[in-house]
Amino acid sequence: MKEVQTLENNIAVLNQTERISGSEAIIKCLLAEGVEILYGYPGGAIMPVYDELYKYQDKIHHVLTRHEQCAAHAAQGYARISGKVGVAIATSGPGATNLITGIADAQIDSTPLVCITGQVGSHLLGSDAFQETDIVGISTPVTKWNHQITKASEIPEVLAKAFYIAKSGRPGPVLIDITKDAQFEQFDFQYKKCTSVRSYKPVPDTDEKTINAAADLINNAKKPFIIWGQGIILGQAENILKSVIEKTGIPAAWTILGASAIPTSHPLNVGMVGMHGNYAPNVLTNECDVLIAIGMRFDDRVTGNLQTYAKQAKIIHFEIDPAEVDKNVKTDVAVLGDAKQSLTKLLPLLFNNSHPEWVQKFKDLYKIEYEEVIKNDLHPTKEGLTMGEVLKEINQQTKGNAAIVSDVGQHQMIACRYANFNITKSNITSGGLGTMGFALPAAIGAKMAAPERDVIAIIGDGGYQMTIQELGTIFQQRVPVKIVVLNNEFLGMVRQWQQLFFERRYASTEMVNPDFVAIAKGYQIEAQKVTKREDLATAVKEMMQCDGPYFLEVLVEKEDNVFPMIPTGASVSDIRLG
């Protein structure tokens with residue numbers, strides 16, 4: 001209540017006209033939008049904004065990351081766990097271009113970001129001035145919207161529009177480029193929040209006929225199957241989805257970004273779909289008679305070969321973005337609109353039902369996967385440690401209440417497969433872009449957004465070294481994030497493919513690693529290395545009990561593979577258990 005009152009007071013003050021500089025206006029716009037933390041790196045073209053930030057340190061906390069890409073990733077982590085807009089700021093030229101990977105990641109994973117970049121003076125635009133880059137042109141393919149400001153008077157309206165576009169409908173990143181002279185220029189400032197944009201309709205109207213048609217198909221289905229994605233989390237539709245599942249008795253699986261929307265332990269939660277997903281939901285995708293996709297986009301890692309994907313089923317697609325409908329998979333019923341609103345309208349039309357024989361099929365196939373794969377991952381008989389048993393130990397000590405931020409590779413698939421989730425917004429990872437180096441900075445942002453939660457970064461030895469410099473950010477900010485590096489001394493996922501499809505030609509995938517523990521201690525972060533199974537539980541316990549940041553390196557089997565696996569171009573029915 002206090003936060004709401006403060007925000008209202010800020011807006012009331014800002015509705016009064018006052019003559020200020022463009023750079024101060026930027027700060028006041030951020031305050032009006034409720035921004036408390038932003039991530040960035042200063043430089044010449046953004047220096048006027050940083051000068052104003054210096055005056056507002058008591059109201060906005062700026063986090064100096066060690067690389068601009070990491071500012072974007074930290075803002076992503078902040079946004080993903082909080083549901084708010086993440087903010088990143090950088091200078092022109094290389095500062096701006098370094099943001100691009102994080103922006104592209106946010107675009108494909110529907111993460112709301114506002115990125116502000118400085119630019120050379122407007123009189124220098126197009127002259128190849130020092131540190132001038134056409135960041136608007138570069139970022140156009142990977143932003144939801146972008147705009148260059150050359151006059152200070154544009155700042156309030158453009159920034160208000162930026163925040164509205166970033167968080168409305170299907171969220172995404174927005175980039176605002178501001179010339180240096182616009183930052184210095186004085187003007188009469190007044191701020192008004194944006195509530196609509198002409199020709200932009202963030203949430204399409206839901207046709208009641210499609211709701212009725214969907215209910216009809218679901219009520220008459222013998223083998224219905226739900227796959228939900230991140231749209232459930234973004235739309236805050238977790239509870240209504242749970243009600244739909246429980247009322248209808250329909251088994252439900254999730255995409256990677258949909259993980260944690262429904263607790264892992266729910267009896268109708270049948271696991272993850274996709275290339276390294278669970279055996280049952282992948283195989284039975286091609287046996288269901290009605291496939292209900294909610295807030296997911298049928299990407300290639302989920303569908304495998306589209307020519308063989310769920311051809312026997314009627315497809316119902318609940319989706320907020322019309323561009324995703326029929327893009328990859330032809331639907332029989334498309335229900336456009338916000339997931340929470342659509343499912344709320346659907347629920348009373350659904351029959352109370354159960355599908356015991358159909359659900360049993362999922363249980364039977366799980367038993368096969370358990371014997372062939374899961375048992376070996378979680379209860380290995382081999383001497384070396386497995387990634388799975390590290391996740392099992394973390395589950396036991398966090399009781400499934402931690403937020404897991406995973407990087408990209410084998411460890412990511414293991415984390416998504418085996419982490420227990422009781423709380424929504426607990427699985428933070430790079431999905432569509434698959435950005436190595438994502439986890440460490442994203443975990444910083446997540447922990448700062450949710451200081452009351454345990455935030456654990458699960459990272460491979462390859463991805464860790466892509467953004468290892470962010471230990472400096474953790475050190476300076478004293479962010480009590482827990483870092484677990486699963487070290488197999490390989491670029492593990494690439495090595496797995498080389499083993500399976502390139503006759504074990506391990507070209508440029510073996511890693512010669514530094515002393516990770518010594519590096520962490522150099523940043524005054526408590527650290528230890530585990531090489532033996534008998535030391536794992538104590539090490540994880542010490543990590544979780546530590547009040548500050550902690551680094552734990554676990555040396556795991558060098559040539560363990562992640563199964564199940566759907567080979568590229570294969571059908572989901574052709575999923576391999578080994």
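Predicted model: local features only at pLDDT ≥ 70, side-chain atom pairs only at ≥ 80, totals over all residues.

Biologist: In what order do the strands of the open sheet run, and is the pairing parallel or antiparallel?

Modeller: The general idea comes first: strands of a sheet pair through backbone hydrogen bonds, in either a parallel or an antiparallel way. Here six strands line up as E3-E2-E4-E5-E7-E6, with parallel pairing. Strand E3 (61–64) and strand E6 (145–149) are at the edges with a single partner strand each, so one side of each has no neighbour in the sheet. From one strand to the next, the twist averages 20 degrees.

Biologist: How many bridges join E4 and E5?

Modeller: Five bridges join E4 (residues 86–90) to E5 (residues 113–119). For one example, Ala88 has Cys115 in E5 as its bridge partner.

Biologist: And which strands does helix H8 lie across?

Modeller: Helix H8 (residues 155–167) lies across E4, E5, E6 and E7, and runs at about 170 degrees to E6.

Biologist: Now the domains. How much area do domain 1 and domain 2 bury between them?

Modeller: About 630 Å², with 54% of it on carbon and sulfur atoms. Of the area that domain 1 buries against domain 2, Arg80, Asp109 and Arg170 supply 65%, more than any other three residues.

Biologist: How many salt bridges are there between domain 1 and domain 2?

Modeller: Two salt bridges are counted between these domains. Look also at Arg170 and Glu324: their side chains form a salt bridge at 2.8 Å, N to O.

Notes
Residues numbered from 1 in each chain as written. Heavy atoms only, no water. Pairing = 2+ DSSP bridges. Helix = DSSP H or I, 4+ residues; strand = E, 2+ residues; numbered from the N terminus. Axes fitted to C-alpha atoms, helices over the stretch in contact; angles between N-to-C directions. Contact = heavy atoms within 4.5 Å. Buried area = accessible area lost by both parts, 1.4 Å probe. Salt bridge = Lys/Arg side-chain N within 4 Å of Asp/Glu carboxyl O.
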